[in-house]
Protein chains: 2
Amino acid sequence: MSLIVQKFGGSSVADAEGVKRVARRIVDTKNAGNDVVVVVSAMGDTTDELLDLAGEVTSTIYPGRELDMLLTAGERISMAILAMAIHELGAKAQSFTGSQAGMITDGVHGAARLVEVNPDRIKESITEGNIAIVAGFQGINRETGDITTLGRGGSDTTAVALAAALNADVCEIYSDVDGVFTADPRVVSTAHKLDTVTSEEMLELAANGAKILHLRSVEYARRFNLKLHVRSSFSGLEGTVVIPTSSDELTPVNMKEIPLEQPLISGVAHDRSQAKITVVGVPDVPGSAAAVFGALSQADINLDMIVQNVPTDRPGVTDISLTLDQAQGQQALDALEAKREELGFSEVIYNEKVGKLSLVGAGMRSGSGVSFAFFDALSRAGVNVDMISTSEIRISVITDIDKLDDAVRAVHAAFGLDVEGEATVYGGTGR
Amino acid sequence: MSLIVQKFGGSSVADAEGVKRVARRIVDTKNAGNDVVVVVSAMGDTTDELLDLAGEVTSTIYPGRELDMLLTAGERISMAILAMAIHELGAKAQSFTGSQAGMITDGVHGAARLVEVNPDRIKESITEGNIAIVAGFQGINRETGDITTLGRGGSDTTAVALAAALNADVCEIYSDVDGVFTADPRVVSTAHKLDTVTSEEMLELAANGAKILHLRSVEYARRFNLKLHVRSSFSGLEGTVVIPTSSDELTPVNMKEIPLEQPLISGVAHDRSQAKITVVGVPDVPGSAAAVFGALSQADINLDMIVQNVPTDRPGVTDISLTLDQAQGQQALDALEAKREELGFSEVIYNEKVGKLSLVGAGMRSGSGVSFAFFDALSRAGVNVDMISTSEIRISVITDIDKLDDAVRAVHAAFGLDVEGEATVYGGTGR
């Protein structure tokens with residue numbers, strides 16, 4: 001008998017029909033002889049509707065404690081309705097709030113972090129033959145007894161943390177797409193689903209714009225050596241298995257789960273939510289760049305890519321370019337402006353019309369010629385590269401937003417991802 | 001400084017405008033120097049909408065545990081939104097679930113009874129200067145940790161129980177009507193608001209069709225000697241004060257709050273939700289009536305009025321008539337039919353086209369001529385009386401449903417209730 005944790009996102013339980021479809025799948029899993037624990041998000045647009053309601057009574061910032069209390073009503077509804085739909089199919093189900101499921105967090109409302117998971121009541125419930133349904137996204141601050149939320153996408157984290165605490169055999173993450181793709185199918189019509197991907201690759205994909213999994217949940221799964229299965233609640237298809245290892249940590253045990261011809265490149269991610277800031281005319285003296293980053297760090301700005309150029313026509317000064325989330329753009333500009341005299345720069349240029357493209361693949365570590373092929377493809381497609389950053393298994397570039405889709409398609413084709421399976425051929429097999 | 005508990009029903013917080021209006025009133029009460037604890041119901045039609053959603057996924061009986069989990073989402077939303085609206089006005093507020101507020105109940109889902117109230121967190125919150133907002137209608141079963149509900153109208157009970165536990169000075173029950181009226185103003189245009197009513201009278205009014213207060217909450221308030229103030233959240237008017245005593249228990253202390261010329265009659269209640277069952281041809285031997293009531297009792301039927309007649313044209317048999325809630329009608333018929341042979345009756349007649357009218361007044365105990373005036377008024381209005389029951393301070397009759405409104409108006413007029421104040425004149429002053 002296996003213990004399976006299944007997580008269903010809001011799109012899977014958007015309406016009564018969706019709830020019934022999901023209930024059917026859960027009961028089928030249970031009837032196949034498994035213990036099943038379900039984590040569910042709020043139905044469809046519930047969270048946005050609750051936020052709208054909050055916006056009607058307050059024009060200022062919401063008190064975080066009360067906003068968390070409000071938003072957690074969404075999962076309370078979906079989990080109770082799902083339990084009822086399961087009962088209707090003749091199986092036993094019990095729903096549990098984050099607090100009842102033992103999801104203990106710190107006290108940061110709206111972005112709480114799990115400090116402990118004590119799923120005693122969940123264990124008891126499944127031992128009694130129930131399907132246990134747990135509210136995603138929420139927890140409780142044990143110090144104060146207040147309700148907290150893990151932030152948007154936090155239901156993935158709930159599912160993975162619970163699966164780890166219960167020592168589950170697999171954590172299945174259901175959504176409205178069939179799995180992890182080599183690129184966003186809305187941009188690249190020839191993108192195809194990956195059967196497996198390592199957690200290391202998944203982390204790079206998630207961090208660089210692939211929205212299918214919450215970054216924290218992938219980190220968590222890797223840390224606890226938990227297998228994730230990303231799949232669709234709308235089809236019966238197998239999805240993508242995220243194997244909790246990096247490709248150079250393969251052991252004889254987990255090796256069996258990875259196809260022998262593991263592709264060199266797993267996919268192309270893109271991100272339209274970034275902005276680029278260029279700080280022009282920073283004095284080219286030791287410590288001046290550090291001062292710029294210090295000012296941004298104090299303002300809690302998360303930077304992504306950073307490039308420093310020394311312009312030859314303006315001796316003694318340098319330009320610093322960086323990217324960040326658009327949502328933090330104004331905050332960053334204010335932080336820089338507040339220290340303009342101290343930092344001594346001449347101008348700040350802000351640009352939201354940028355896109356980020358990332359090529360990710362564990363095989364990049366050993367394969368040769370990847371960089372050349374990557375930039376060659378961009379060049380042939382007429383895409384201008386503005387900034388570059390790399391990791392061991394990723395190359396990312398910033399381009400003009402209008403060129404982003406062309407760039408994604410060009411890179412996807414150049415690495416043979418347009419035809420399933422070919423990706424294993426290109427670039428040699430490495431060592 | 002006073003401690004005031006204010007309870008707002010769903011109609012008072014039906015939308016964002018309602019929430020803001022209620023928030024203004026709460027903050028005004030706080031700013032006047034009082035400690036304020038608020039109990040709030042789900043917004044407007046939320047409960048019905050959640051029930052509709054449940055109906056979409058299940059055709060059978062809902063599991064009670066899950067239905068309670070579902071419905072309690074309603075107050076979670078309203079209390080968080082109300083707390084935000086209060087913050088917006090510059091005051092401090094914290095919302096608490098039934099569990100957080102220490103509302104401990106038994107395990108009867110859908111109709112739980114309070115077994116203990118431990119409002120430690122509420123006390124702490126108001127000591128810190130907050131307005132504490134508590135979810136009405138809900139509690140927690142301490143044995144299992146499961147969420148429970150007190151049944152429809154249970155928010156009144158939450159408010160009264162909390163007020164008693166906190167030793168509040170008054171519990172204000174806000175709704176969309178101005179207070180307790182001498183009759184339903186939708187039926188009797190000349191009905192007027194009562195300034196005070198004893199809890200004994202309020203119990204009779206609530207039990208006999210006046211929907212303004214939940215019966216349990218009135219019992220609770222009387223037991224804990226708590227003053228209720230029934231008033232409107234839409235006007236600034238004083239409402240009706242329910243004084244926690246019967247009129248023959250007046251002490252020098254509570255006497256001060258009751259007008260010297262306490263009216264003889266406090267009001268006329270009516271109820272359209274009753275049905276009448278007549279069991280025809282029951283053998284007129286000892287124990288036969290008991291057997292009929294035993295069969296109904298075993299089926300958990302709550303009976304209201306009972307009349308037994310011996311028809312002169314059918315010697316040896318008797319007819320038994322009784323009234324009950326229409327919702328239990330089919331259940332009662334099934335229970336009787338199942339024991340037809342054992343009980344030996346010839347026929348059961350079921351009639352939902354009946355109405356119940358009750359005249360209530362503490363002065364009835366001492367005043368003379370009330371019964372005569374009551375039946376005289378009904379007779380003049382052409383109303384046929386089908387069944388009669390009385391208590392020390394109430395006379396109730398069952399009439400044809402089509403005659404009910406006429407009957408209410410006739411009795412209201414006969415006892416001088418049409419003109420405010422005249423009620424003290426009619427029928428003598430008693431002792």
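1. To begin with a single pairing across the chains, in what is a predicted model, the side chains of Arg121(A) and Asp146(B) form a salt bridge, with 2.9 Å from N to O. The count of salt bridges between chain B and chain A is 2, and the rule also finds 22 residue pairs in polar contact across this interface, with both partners at pLDDT 80 or more.

2. As to which parts of chain B supply the surface that touches chain A, the elements giving two or more residues are the helices α1 (16–31), α2 (46–57), α3 (64–71) and α4 (73–88), together with the strands β3 (93–96) and β8 (146–149). The largest share comes from α4(B), which gives 11 residues to this side. By residue class, the side of chain B that touches chain A divides into 23 nonpolar, 11 polar and 8 charged residues.

3. The extent of the interface can be stated in two ways. In terms of contacts, 42 residues of chain B are in contact with 42 residues of chain A. In terms of area, about 3500 Å² is buried between chain B and chain A, and carbon and sulfur atoms give 62% of that area. Within chain B, the residues that lose the most area to chain A are Val57(B), Arg76(B) and Met84(B), which together account for 22% of what that side buries.

4. On symmetry, chain B is superposed on chain A by a rotation of 180° with 0.0 Å of shift along its axis, at an RMSD of 0.1 Å. The two copies are therefore related as by a two-fold rotation axis. In chain B, the C-alpha nearest that axis belongs to Ala73(B), at 2.5 Å from it. Because 100% of the interface residues of chain B are also interface residues in chain A, the copies meet through the same surface.

5. A separate point concerns Asp35(A), which lies in strand β2 (residues 35–40) of chain A. Is Asp35(A) buried or exposed? Asp35(A) counts as buried because its relative accessibility is 18%, which falls under the 20% cut-off. Leaving aside residues up to four places away in sequence, Asp35(A) touches Met1(A), Ser2(A), Leu3(A) and Ile4(A), and also Lys30(A) and Ile126(A).

Technical notes. Residues numbered from 1 in each chain as written. Chains lettered and ligands numbered in written order. Predicted model: local features only at pLDDT ≥ 70, side-chain atom pairs only at ≥ 80, totals over all residues. Heavy atoms only, no water. Contact = heavy atoms within 4.5 Å. Buried area = accessible area lost by both parts, 1.4 Å probe. Salt bridge = Lys/Arg side-chain N within 4 Å of Asp/Glu carboxyl O. Polar contact = N/O pair within 3.5 Å; in protein donor to acceptor, adjacent residues only side chain to side chain. Helix = DSSP H or I, 4+ residues; strand = E, 2+ residues; numbered from the N terminus. Nonpolar A, V, L, I, M, F, W, Y, C, P; charged D, E, K, R; others polar. Least-squares fit on C-alpha atoms with pLDDT ≥ 70 in both. Buried < 20%, exposed > 50% of the residue type's maximum accessible area, 1.4 Å probe, protein only.
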